[in-house]
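This report describes selected residues and the relation between the chains. The sequence and structure come first.

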Protein chains: 2
Amino acid sequence: MADKSNTQEKIIESATVLFLEKGFHRTSVRDIASRAKINISLMNYYFRSKEILFETIIDLLIGGAVSSLKEILDSDLDLNEKIRQYINKYIDLLISNPLLVSFVLAILNHSPDKISKLKVTDSLYNTEKFANQLDEENSKGNIRKVDPEQFYLNMLSLIAFPFAVKHVINEKNNFSNEAFNDFIIKRKDIIYNTLISSIKP
Amino acid sequence: MADKSNTQEKIIESATVLFLEKGFHRTSVRDIASRAKINISLMNYYFRSKEILFETIIDLLIGGAVSSLKEILDSDLDLNEKIRQYINKYIDLLISNPLLVSFVLAILNHSPDKISKLKVTDSLYNTEKFANQLDEENSKGNIRKVDPEQFYLNMLSLIAFPFAVKHVINEKNNFSNEAFNDFIIKRKDIIYNTLISSIKP
DNA sequence: ATTTGTTTTAAACAAACGTTTAAAACAAAT
DNA sequence: ATTTGTTTTAAACGTTTGTTTAAAACAAAT
């Protein structure tokens, strides 16, 4: 038999790049086929439709990425250390795939129904343990009283937003991709200090 | 003569809503025409192309919005008061047009060339005065030493990002649009305190 | 009443889209 | 050597896309 796995992988690889770069609607099946150097029909042969191919790739891209973040958030780590590790892991993850933020935001705003069925939901929605931890630390007098929902959103905003405006940041500061990464890596400490000083009693 | 201005406005109004909701590529000229209850050809009669109509609307939406923010940033206000006013005005602006963030982010990532020619550039790029102010306040010993670029990005992230994930926030917390606005208005103080406590000496 | 210039209309354009079809090419099993 | 099942191919499918055309409708000026 012919090499099924090979072409299937080629389709996913090419489609992933294109979907990340141009989004769903700007990417045509002919784009995908020509980049993967395969016949157009093979896209419908292996995946039943462009839509299904897209959802497959969403799962591949997002599913694995955020499950590791949820682990940290649900761990028994000390609050400060948990925040530190969460920031570091999240930023490392986004540095290795800087288009992920824009990709998710695009899906969120063009087809919100798609995201709620996906694994992102579980990992972004379930912040109960972290919220309880914040409440408990406040009861002990270790930190100020905060709305956990707002605090978590602050953390997420400071981590993710810069990747959504990467183009602007780079143009404004004449950054190369390496300079952008340096700038982002510096943010690990900055975000940590900002968040910690905002809850210090 | 017939009512030229009326139809032109109808086109802009309808196209604005659709572009904001669905973006450029998901909005067809037939969508625009049927919503404005006009003939398809009139879109090409008043604006030469869908592209030009889109750029016209970008200028209308963004141009006016951000120029008022730049005024605050370039003013001679005391640092704390400037930060306070900037946050408040920005959030008020986004509450009155909650789709603006997603709209700009979509343009940024699908056609970055478009945004650099626009008025957003001037208002987002020129943060020199604000940066100098931060440096000066540090020299006086009033605030900690900070990278102005990072601090400004923090401010922007905390303000804008929640609007980019409005859908997720609402679903997670069972928020109505009013509840979301309440949640966001509470952020005015939260963001201010977070930023100020991060630069306190 | 006729001319003039502008606005609106219906119809069609070529191009691109996602998808389907039916036959060819291929490798393994009988 | 032939059959079987899978993979690949070329061509066409019917829609939808943005845009153009040419004629009609219209209001104001002569």
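Leu94(A) lies in helix H5 (residues 79-96) of chain A, helices being DSSP runs of H or I with at least four residues, numbered from the N terminus. The model is predicted: local features need pLDDT of at least 70, side-chain atom pairs count only at pLDDT 80 or more, and totals for chains, interfaces and linings use all residues. Residues are numbered from 1 along each chain as its sequence is written, chains are lettered from A in the order in which they are written, and side-chain values use heavy atoms, without hydrogens and water.

In chain B, Thr16(B) belongs to helix H1 (residues 4-26). Contact means heavy atoms within 4.5 Å, and residues up to four places away in sequence are not counted.

Chain B is superposed on chain A by a rotation of 180° with 0.0 Å of shift along its axis (RMSD 0.0 Å). The two copies are thus related as by a two-fold rotation axis. Ser157(B) comes closest to this axis among the residues of chain B, at 2.7 Å (C-alpha). The superposition is by least squares on the C-alpha atoms of residues with pLDDT of at least 70 in both copies.

How values were computed: Helices (H or I, at least four residues) and strands (E, at least two) are DSSP runs, numbered from the N terminus.
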